[in-house]
Amino acid sequence: MNWLKYARHLGVLLVLWTLGGAWAAPSIVVTNATLAKGLCSEHQQEIAVKLPDDWKAHNIKPPAVACYRAKIFMAHSPTIAWALRIDRLPGNHRITVNGIQLTTRHMEGADVTSMATLPYLIELPVNVLLAGDNDIEIDVRMGPFRKPGISPMTAGPIALMRADFDTWTSLTVDLPKTLNWTVAGMALFLLLAWRARPSDKVFAYFGGLMVIMSSRNAFYFLETIGWPIPIVDWLFFSSHAVTSFYLVAFGMSYANVDLSRIINPLRVLVVTFILGSFAALGTPHLDTLRLIAYPIMMIGGIVVVIKVVQTAWKRDWVEAVFMTAGPVGTYISVAHDYLFLTPYLDVTDLYWTPYCTPIIFLGYALTLMRKFVDTMNLSERMNITLEERVAERTRALEVANQSKTRFLASASHDLRQPTAAIGLLVSLLRQQKVAPEVKELTDMLDEAVASMESLLVGLLDISRLDAGAVQVQFQPVCLNDVFQAVRVHEKSAADAKGLQLRFRFPANAGPHLTVLTDPVLIHGVLRNLVANAIRYTQQGGVLVAVRRHGKRRLRIEIWDTGIGIAPDQQERIFDEFYQVGNSARDRTRGIGLGLAIVRRTASLLGEQITVKSRVGRGSCFAIELPLNHVNTSKPVAPSSPQHPMAGRNAWIVEDDPILRRALGEMLQSWGAQVRTWPDGEALLDELPQLLATTNRAQRPDILITDYRLPGINGLQLSQTIQAYLRESGVSLYTLIISGDTDPAEIARLSASGQVVMAKPFRSERLLEQLLALHQAKAA
Ligand code: ADP
C-alpha cells in the first residue's frame with residue numbers, strides 16, 4: 001500500500017515541523033525592538049515594537065524600507081562562534097551588530113526586490129558579541145503584496161542551532177518548494193498526455209491548473225524578483241484568473257458535468273480579466289477589477305469544490321479523502337494566505353497553499369491511475385476475447401474451406417469423367433467422314449467441350465498448385481524453343497483476329513539465349529499471357545520482348561495494343577474467377593482462372609508477374625527470369641505420325657463404360673491393340689491366365705487405368721501389375737488418369753512417382769503423354 005507509506009511519511013514531517021520551534025534551544029530570544037521608517041543610517045523616529053512585527057504599528061505599507069533595532073545583553077563575550085536566527089526576514093536585508101556589518105543581501109541600489117520573508121541564520125564570529133549590551137541594526141525592504149516585518153530573533157552558539165535551523169528551513173521552505181516544482185513538472189507531463197489525446201480535455205484543465213498553481217506557489221519562496229512591480233502584480237492577478245478557469249473546467253469535467261455550454265463564456269470572462277488588468281496596469285483600477293473579479297472567482301470555486309467533493313465520494317474512498325482534503329484544503333488555505341497578507345496574521349505564519357495544492361494532485365493521480373489500470377484490464381480482456389473469437393472464426397473458416405474443397409473435388413471429379421468421355425468421343429466423331437451439317441454440329445460440340453475442359457483443367461491446375469503437387473525442375477531452357485512452342489499454339493488465334501504476333505530478343509543477343517527455369521511451367525505462364533493479350537486485343541499486335549535486366553537476369557514482356565486494364569482492376573485480375581466486365585460470365589471470354597494460375601506458377605518459380613496498363617492503349621505483363629549461360633535446352637513439343645501406336649498393346653481399366661469405350665476406340669484409331677476391363681480386380685483375376693496364353697508379342701506395353709475404381713484403386717492396381725510382370729520379365733509402362741481435385745489425393749498421387757494425367761484431356765494430350773512414356777521406356 002504505497003499511499004499508506006506516503007501518508008505516514010507526510011505525518012512524520014508534519015510532526016517534525018510543528019515540533020520544529022520547540023526543538024530550538026535558544027540561548028537568548030529577542031522580542032523587544034524598535035522600528036523606524038527608512039534605512040537605519042537615516043535615523044528616523046523609532047517606535048517600540050514587539051516581535052514578530054509587520055510594520056502595522058508604524059503604518060508603513062510595502063513597498064517600503066524600514067529599520068529594526070534591538071539589544072542583546074551578554075554576561076561575557078562568547079569564545080565560540082554564535083549565530084543570530086531570524087525565522088522571518090525579508091529577502092532584502094542588511095544586518096549590523098555593534099557597528100560591524102555581518103550580512104547584506106540585495107541591498108545594493110535602492111530597488112525593493114524582496115518577494116518573501118524567509119528564515120536566515122547569520123553567523124556571529126567570535127569577538128562580535130561583547131559583554132554587556134550589544135546593538136543589532138537590521139535594514140529591511142519589502143515588495144508590494146507581500147507580508148512585511150520580521151520574527152523574533154534568537155541568538156546562541158551556532159553549533160547548537162545549525163541542525164535545528166536546517167530542519168526548520170527544509171520543512172518550511174525546501175519541502176513546499178520542491179513539492180510544488182515536482183507537481184508542476186508532473187502536470188506538464190499531463191499536458192503532454194493531452195497533446196497525444198486532445199479529446200481528453202480534462203488532462204488539459206487539470207494539467208493547466210496544476211502547472212500554474214504549483215509554479216505560483218513555488219514563487220512564494222522566491223527571495224527576490226527583479227521584474228517591474230506592475231508586471232509582477234499583473235502576472236499574479238492573471239494567474240488567479242487562469243487558475244480559476246482551469247479549476248472550474250477541471251471540477252466540472254471531474255464531476256461529469258457537460259461543459260459545452262459554459263466553457264466559452266468562461267473563456268471570455270478569463271480573457272476579459274487578463275486584458276482588463278493589463279489595461280489597468282499600474283493604476284488604481286486594478287484594485288477595482290480585483291474587487292469584481294475575486295468574489296466571482298471565489299463563488300465559482302466554491303461551487304466547483306462542492307461538485308468535486310460530491311463526485312469523489314461516489315468513487316473509491318481513498319480517492320474521496322484526497323479529493324476532499326486537496327480542494328477543500330486549498331480553498332481554506334487560499335483564504336488563510338489572503339488573511340496572512342493582511343495585518344490580522346503574524347509574519348511568522350506560513351503560507352498554507354503550497355502544502356495543500358499537491359494533495360489535489362495526489363487525489364487526481366489516484367483517479368488517473370485507477371482509470372489507467374481499468375483500461376489496461378479492459379484491453380487485456382478484449383485482447384483475450386478477440387483472440388478467442390479470431391481462433392473460433394479461423395476454425396470455422398477452416399471447416400468451411402475443407403468442406404468447400406471436398407465439395408469442389410467431388411463435383412469436379414464427377415464432371416471430369418463424362419467430360420473426358422465426351423472429349424474423346426467428339427475427337428473420334430471428327431475423324432469420321434460425315435455430312436457437312438453434321439460436321440458443323442460436331443465442330444460446335446467440340447468448342448463447347450473445349451471450354452468445359454479448360455475450366456476443369458484450370459481448376460485442377462489451381463488445386464495442384466495449392467496442394468504443392470507441382471514439382472519445379474529448374475534447368476537451362478532455351479527461350480527461343482519456348483517461344484516457338486507458344487507461337488505454335490497461339491499463332492492461329494492471332495491470325496484469326498488479324499493480329500501480328502512477334503517475338504523479339506535483345507539486339508546483341510542471339511535467339512539461343514537460355515534461362516534457368518522450369519520449361520513446362522514457363523511455357524504455361526507465357527502461353528497464358530500471350531493468349532490473354534490476343535484475346536483482349538482487337539487490332540494492332542502482340543509483342544513478346546526480351547530485355548536484359550542487369551547482368552544476371554532477363555525480363556520477358558508481353559505487350560499488347562488491346563483494351564487495357566483500369567488501375568483499380570490491375571490487382572484484382574489475379575484473383576480466381578475475376579474478369580473485368582464479364583458479370584454475365586460469357587464463357588467465350590475465358591473463365592477467369594488464367595492469371596490466378598500464372599501468378600501461382602510464377603511464385604513457384606520464385607518470380608513475380610507485374611502489369612502496366614492504360615485503358616484503351618494496351619497492357620504489358622512482365623516476368624523476370626535468371627539468365628543461364630550454358631546453351632542447352634529440351635525440345636518442348638514432339639510431333640506425331642499417322643499411326644503412332646501401331647504394334648502396341650494397351651490395357652485399359654476404366655469403370656465408366658462410355659469413357660472406357662471412348663479410350664479404347666481412340667487407341668485403336670492410333671493403331672494399338674486394346675483390351676478393356678471395368679475394374680482392377682477383374683483384370684487381376686484374369687492376369688495369370690492372360691500371361692500364360694498370350695505370346696510375348698501380345699503382352700501389354702501400356703496400362704491405362706483410372707485412379708478411382710471400385711475395389712482396388714488405379715495406383716494399387718498399377719503397382720501390383722508392374723510387380724507381377726517384372727517377375728515374368730515384362731516391362732510395362734502405366735498411365736493413371738485421374739479426375740481428383742482433392743489436394744490430399746493429388747499430393748498422394750504425385751508422391752507415388754507414377755505418371756498421372758488429369759481428366760479431362762484431349763486426344764492430342766493423351767497421345768503426347770503415351771509417346772513421351774514410350775520414349776522414356778526406350779531410353
Ligand atoms: P480470363 O482471361 O480467362 O478471363 P484471366 O485470369 O486470364 O482470365 O484474366 C482475368 C481478367 O483480366 C480478364 O477477364 C481480363 O478482363 C483481364 N485481362 C487479362 N489480361 C488482359 C490483357 N492483356 N488486356 C486486358 N485485360 C486483360
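Strand E13 and strand E17 (residues 618-628) pair in the antiparallel sense over two bridges, and in this pairing threonine 514 has asparagine 628 of E17 as its bridge partner. Strand E13 (residues 514-517) also pairs with strand E11 (residues 475-478), again in the antiparallel sense, here over four bridges; within that pair, proline 476 stands opposite leucine 516 in E13. These pairings belong to a predicted model, and the confidence values given further below should be kept in mind when reading them.

Another part of the chain holds an open sheet of six strands, whose order is E3-E2-E4-E9-E6-E7 and whose pairing is antiparallel. Strand E3 (46-50) and strand E7 (100-105) stand at the edges of this sheet, and because each has a single partner strand, one side of each is left without a neighbour in the sheet. From one strand to the next, the twist averages 20°. Inside the sheet, strand E2 (residues 32-37) and strand E4 (residues 64-74) are joined in the antiparallel sense over four bridges, with lysine 37 standing opposite alanine 66 in E4.

| Strand pair | Sense | Bridges |
|---|---|---|
| E2 (residues 32-37) and E4 (residues 64-74) | antiparallel | four bridges |
| E11 (residues 475-478) and E13 (residues 514-517) | antiparallel | four bridges |
| E13 and E17 (residues 618-628) | antiparallel | two bridges |

Turning to the helices, the axes of helix H9 (residues 436-466) and helix H12 (residues 594-604) come within 10 Å and cross at roughly 30°. Angles under 35 degrees count as roughly parallel, and H9 and H12 are therefore roughly parallel to each other. The crossing in which H9 passes H12 is left-handed. On the H9 side the contact is made by Gly458, Asp461, Ile462, Leu465 and Asp466, which meet Ala596, Ile597, Arg600, Thr601 and Leu604 in H12.

As to confidence, the protein chain averages a pLDDT of 86, and 93% of the residues score at least 70. Over residues 20-26, however, the pLDDT is below 50, and this stretch has nine contacts in the model beyond near neighbours in sequence. Residues 631-640 likewise have a pLDDT that stays under 50, and for them the model has 17 contacts beyond four places in sequence. Where pLDDT is low, the predicted coordinates should not be read in detail.

Technical notes: Residues numbered from 1 in each chain as written. Predicted model: local features only at pLDDT ≥ 70, side-chain atom pairs only at ≥ 80, totals over all residues. Heavy atoms only, no water. Axes fitted to C-alpha atoms, helices over the stretch in contact; angles between N-to-C directions. Parallel < 35°, antiparallel > 145°, perpendicular 65-115°, else oblique. Left-handed = near helix turned anticlockwise from the far one by under 90°. Contact = heavy atoms within 4.5 Å. Pairing = 2+ DSSP bridges. pLDDT = per-residue confidence, 0-100.
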